Structure formats: C-alpha cells, structure tokens
Amino acid sequence: MRILLIEDDAPLREAVAAKLRAEGFEVTCCADGDEGGWQLSQDAWDLVLLDRMLPGQDGLSLLRGLRRRASQTPVLLLTARGTVSDRVEGLDAGADDYLVKPFDLRELTARVRALSRRPILARDSLPGAGGLSLDEAGCVLTGPAGRCTLSRRECALLSLLLQNAGRTLSRETLLARVWGPDAEVEGAVLDTYIHFVRRRLAAVGARAEIRNRRGVGYLLCGEEAV
C-alpha cells in the first residue's frame with residue numbers, strides 16, 4: 001500500500017513515516033503544499049495523510065483539487081485545529097477521516113488500516129458503472145449480476161483503475177504499482193492481467209470497460225464512454 005504523507009513538521013513527519021514503514025507500508029513524504037500538489041498530480045496513491053496547514057498550497061486546497069478530479073483516494077487530515085467547525089469543514093471538503101494533533105501513533109496506524117479496508121465504489125467516480133464495488137480485503141468484486149473472487153494481483157490492478165476511473169494510467173505506472181518498482185516484469189504480463197480483469201468485470205455484469213490507449217496505457221470507462 002502506497003501512502004503519500006504531506007506534513008511540514010519535520011520531527012512529526014519522520015516519526016509518522018517510520019511508524020508506517022515499520023507496519024509494512026510504503027511511504028513518500030512531502031514537506032509543503034506545492035510539492036504535495038505535484039505528487040498528487042503525478043501518481044496514484046492508495047492513501048493520503050494530509051496536514052491542513054502547509055507552506056504553499058494549504059491542505060484544504062489540495063483536498064478540494066483532488067476531489068474535483070473525481071479521485072476516490074482516501075484522505076486522512078492531520079491538523080492541530082480540532083473544533084467542530086474545523087472538522088466539519090475538512091470533512092465537507094472531501095476528507096475521509098480527521099485526526100487532531102497531538103495524536104498517538106498507534107491510533108494513526110489503526111485509522112490507516114481502517115481506511116485501507118473500505119470497499120472502493122465506482123458509482124460516484126465512474127458514471128455509468130453504478131453498483132460496482134471492490135472489497136480489497138477479501139478480493140471480492142461485486143456488480144449488478146453478482147460477485148466473484150479475484151486473485152491478489154487482479155485485485156490490486158482493478159483497485160488502481162477504479163481509484164483513477166476515467167484517467168489513463170501509463171503502463172509504467174501500472175507495472176510499478178502492482179508488481180513493484182524493481183520487479184522485472186514484461187509488458188505482456190500486464191496485458192494478460194488486463195484480460196483477466198476484463199473477464200471478471202463481465203462476470204459481474206459491470207457496465208464499464210477497461211480501454212487501451214495504444215502506446216500510453218489503460219483506463220476504466222463507464223458505459224456512456226464505451
């Protein structure tokens with residue numbers, strides 16, 4: 001699971017990153033809003049830990065920009081501002097959870113695990129694909145015609161496509177995210193797994209398809225774009 005941590009407090013950033021890495025997560029860190037915005041636009045992430053008050057772009061601006069792009073990536077806001085109105089503003093901006101500083105690192109990791117277990121729904125981010133959801137913990141895909149079990153690799157690939165529905169992901173990004181940045185995997189393996197995932201989508205009656213942008217990569221489209 002790849003986590004983007006955007007936090008300007010260096011000691012806190014280092015402590016959070018160390019704790020999450022010890023739990024087995026892959027963590028990339030940013031120290032300000034401008035770098036964080038660039039990272040958000042360049043790659044697909046499984047989870048974002050986002051400080052509200054940042055140099056450059058503030059956390060809420062980054063969050064609103066992410067949601068305007070229809071990204072479903074879970075976002076956990078980290079902030080010293082803990083009033084009810086502050087929490088409501090953050091959640092209304094699109095945060096999935098809100099943790100007030102100072103916090104216990106054990107609570108942070110528990111919330112990260114909880115967010116990672118949430119099913120990914122295609123209904124909101126992918127018009128025309130209503131009723132499609134993916135339970136990553138159980139590798140179960142559910143659609144209008146039923147459900148089926150996926151392999152871990154198929155699940156990781158479909159999860160990435162769902163989280164970036166309507167956005168073309170390069171072959172390099174897909175290979176690095178699903179097989180790992182150092183894995184020696186041929187491009188034909190990706191094409192084979194795309195074929196497997198397409199069959200899974202058809203099996204559950206999904207009103208969506210994975211399209212190939214020749215020479216670029218793949219994207220998941222709703223039925224109105226098919």
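**Close-up views of a predicted model**

A search of the whole structure finds 2 aromatic pairs. Rings of Phe, Tyr and Trp (its six-membered ring) pair if their centres lie within 6.5 Å; planes under 30 degrees apart count as stacked, over 60 as edge-to-face and the rest as tilted. This is a predicted model: local features need pLDDT of at least 70, side-chain atom pairs count only at pLDDT 80 or more, and totals for chains, interfaces and linings use all residues. Residues are numbered from 1 along each chain as its sequence is written, and side-chain values use heavy atoms, with hydrogens and water left out.

**View 1. Trp 179 and Tyr 193 form an edge-to-face aromatic pair.** Their ring centres are 5.4 Å apart, with 80° between the planes. The pair links distant parts of the chain: Trp 179 sits in helix α7 and Tyr 193 in helix α8 (residues 187-203), 14 residues apart. Helices (H or I, at least four residues) and strands (E, at least two) are DSSP runs, numbered from the N terminus. Trp 179 is buried, at 13% relative accessible area. Tyr 193 is partly exposed, at 21%. Buried means under 20% relative accessible area, exposed over 50%, partly exposed in between (1.4 Å probe, protein chains only).

**View 2. Tyr 193 also pairs edge-to-face with Phe 196.** Tyr 193 and Phe 196 are 3 residues apart in helix α8, so about one helical turn separates them. Phe 196 is partly exposed, with a relative accessible area of 28%. Ring pairs join Trp 179, Tyr 193 and Phe 196 into a cluster.

**View 3. Helix α6 (residues 152-163) packs on helix α7 (residues 171-179).** The angle is about 130° and the axes lie 9 Å apart. Axes are lines fitted to C-alpha atoms, for helices over the stretch in contact, and angles run from 0 to 180 degrees between N-to-C directions. That makes α6 oblique to α7. Angles under 35 degrees count as roughly parallel, over 145 as roughly antiparallel, 65 to 115 as roughly perpendicular and the rest as oblique. From α6, Arg 153, Ala 156, Leu 157, Leu 160 and Leu 161 make the contact; from α7, Leu 174, Arg 177, Val 178 and Trp 179 do. Contact means heavy atoms within 4.5 Å.

**View 4. Cys 148 lies in strand β9 (residues 146-149).** Cys 148 counts as buried, at 16% relative accessibility. Not counting residues up to four places away in sequence, Cys 148 touches Cys 139, Val 140, Leu 141, Arg 200 and Val 204.
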